[in-house]
Amino acid sequence: MEGELASIKEAGTWKTERVITSTQDAEITVASGAKVLNFCANNYLGLSNDPNVVAAAHRTLDERGFGLSSVRFICGTQDIHTELENMIAKFHGMDAAILYPSCFDANAGLFEQICGPEDAVISDALNHASIIDGIRLCKAQRHRYKHADMEDLENILKKTKDSARNRLIVTDGAFSMDGDIAPLKDICSLADIYDAQIFVDDCHGTGFLGATGRGSPEHCGVEGRIDIINSTLGKALGGGTGGYTVGPKPVIDLLRQRSRPYLFSNSITPAVAGASIEVFKQLTHSSSLVEKLQANVALFRTQMKAAGFTMSGDDTHAICPVMLGDARLASEFADAMLEKGIYVIGFSYPVVPKGQARIRVQLSAAHTSEQVQRAVDAFIAVGKEKKVIQ
């Protein structure tokens, strides 16, 4: 193992965990004691430290205890778990929902149960690792189409028309490294033509994409046309832990009976369930956080483009990759940004393709417009120092 660890370091892909000593927020304190603006969290709506969400967690902790020491089907289901599942299903406009310890577990527990040897799974080439691992567990035919390439997807649908009982098109709703959004309207059209079903992992869309935060299906205008959605409570929806599958009742019922990560994992803690109920109440009653985030995204992307930076991804998405190309440049750029009080991370190969190194910026509704402007100003200053822009 020592040799393997040495090779990781030599390749420049060693991951170092930076330690923060404060709550997760727009401004955080790092181990050195310095306060920095955080632009690399999945805290899209700023709910990780929302007072009402924290209060709900405290209240549930007092009323329902710390943990359940059980899986759901033995003695690990409280009334708040079923209440939360009902809220999630209603939020997505689906029949039913099932909770998991994480969305990784939701992806690991889905495909093996709904896809057999007679079926085909057709997956986007840039889908998340948890989707890939989940698909590996099933016995279905496996096909991969070029990223967001509808011609390639259609060719595979034609090829599998007679060889598969059911075809499941599998895609992320939004892609975490590039900030681009799956062409769900086109995918739905192809699914209609070729009688296929659609699965969407919407971890980087639920809560903040679309006018009311219903995610990539709302953003793309295809609500009601997606068959199954997996998502997470660990990003925009409070940033704790937990994931879920939402879809037709027979699918959810089957998962409750057979999905291994569900059957053999403890229930999510009462505090997470209680806090998550508060999150969905907020999102159901108001879209103000969604609107605030969208304003911050527009401000950042507009000013960065005007300054001469190359930005990747959809102009409406809170993941805003600043493309730099060179891996060393990306690493040094991120270090220079930290010195200016802006916490961002550089990504390079093998996380992203060679020659496509970048700084991945993530906006939050918790950021003030002044904080967003500080980040832009720091990017411009470092960009000029590094001769990235004029």
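Gln 78 is buried, with a relative accessible area of 14%; buried stands for under 20% relative accessible area, exposed for over 50%, and partly exposed for what lies in between, with a 1.4 Å probe and protein chains only. The model is predicted, so local features need pLDDT of at least 70 and side-chain atom pairs count only at pLDDT 80 or more, while totals for chains, interfaces and linings use all residues. Residues are numbered from 1 along each chain as its sequence is written, and side-chain values use heavy atoms, with hydrogens and water left out.

Gln 78 sits in the loop between α3 (72–75) and α4 (79–92). Helices (H or I, at least four residues) and strands (E, at least two) are DSSP runs, numbered from the N terminus. Not counting residues up to four places away in sequence, Gln 78 touches Arg 64, Leu 68 and Pro 270, where contact means heavy atoms within 4.5 Å.

Two packed helices are described by the angle between their axes and the distance between the axes. The axes of α4 and helix α12 (residues 270–285) come within 9 Å and cross at roughly 30 degrees; axes are lines fitted to C-alpha atoms, for helices over the stretch in contact, and angles run from 0 to 180 degrees between N-to-C directions. α4 and α12 are therefore roughly parallel to each other, a term for angles under 35 degrees, with over 145 counted as roughly antiparallel, 65 to 115 as roughly perpendicular and the rest as oblique. The crossing of α4 past α12 is left-handed: the near helix is turned anticlockwise from the far one by less than a right angle, whereas clockwise would be right-handed.

The contact is made by Met 150, Leu 153, Glu 154, Leu 157 and Lys 158 of α7 and by Asp 186, Ile 187, Leu 190 and Tyr 194 of α8. These residues divide into 6 nonpolar, no polar and 3 charged.

The next element is the sheet. Strands of a sheet pair through backbone hydrogen bonds, either parallel or antiparallel. Here an open sheet of 7 strands has the order β3-β9-β8-β7-β6-β4-β5, with mixed pairing; two strands pair if DSSP finds at least two bridges between them. β3 and β5 (141–145) are the edge strands, each pairing on one side only. From one strand to the next, the twist averages 20 degrees.

Strand β9 (residues 243–247) has 5 of its 5 residues buried. Gly 243, Thr 245 and Gly 247 lie on one side, and Tyr 244 and Val 246 on the other. β9 runs antiparallel to strand β3 (residues 96–100), joined by 5 bridges, and Ala 96 has Gly 247 as its bridge partner in β9. Strand β8 (residues 228–232) pairs with β9 over 4 bridges, also in the antiparallel sense, with Asn 230 opposite Thr 245. Strand β7 (residues 197–201) runs parallel to β8 and is joined to β8 by 3 bridges; Asp 201 stands opposite Asn 230.

Helix α5 (residues 103–114) lies across β3, β6 (167–172), β7, β8 and β9, at about 160 degrees to β8. Helix α10 (residues 249–258) packs on the sheet and touches β3, β8 and β9, its direction making about 30 degrees with that of β3.

Arg 301, in helix α13 (residues 288–307), is buried with a relative accessible area of 3%. Its contacts beyond four places in sequence include Asp 314, Asp 315 and His 317.

Most residues other than glycine have a negative phi, and most peptide bonds are trans. Asp 195, in the loop between α8 and β7, has a positive phi near 55 degrees and counts as exposed at 60% relative accessibility. The peptide bond from Tyr 349 to Pro 350 is cis, with omega near 10 degrees.

Methods. Ala, Val, Leu, Ile, Met, Phe, Trp, Tyr, Cys and Pro count as nonpolar, Asp, Glu, Lys and Arg as charged, and the others, Gly among them, as polar.
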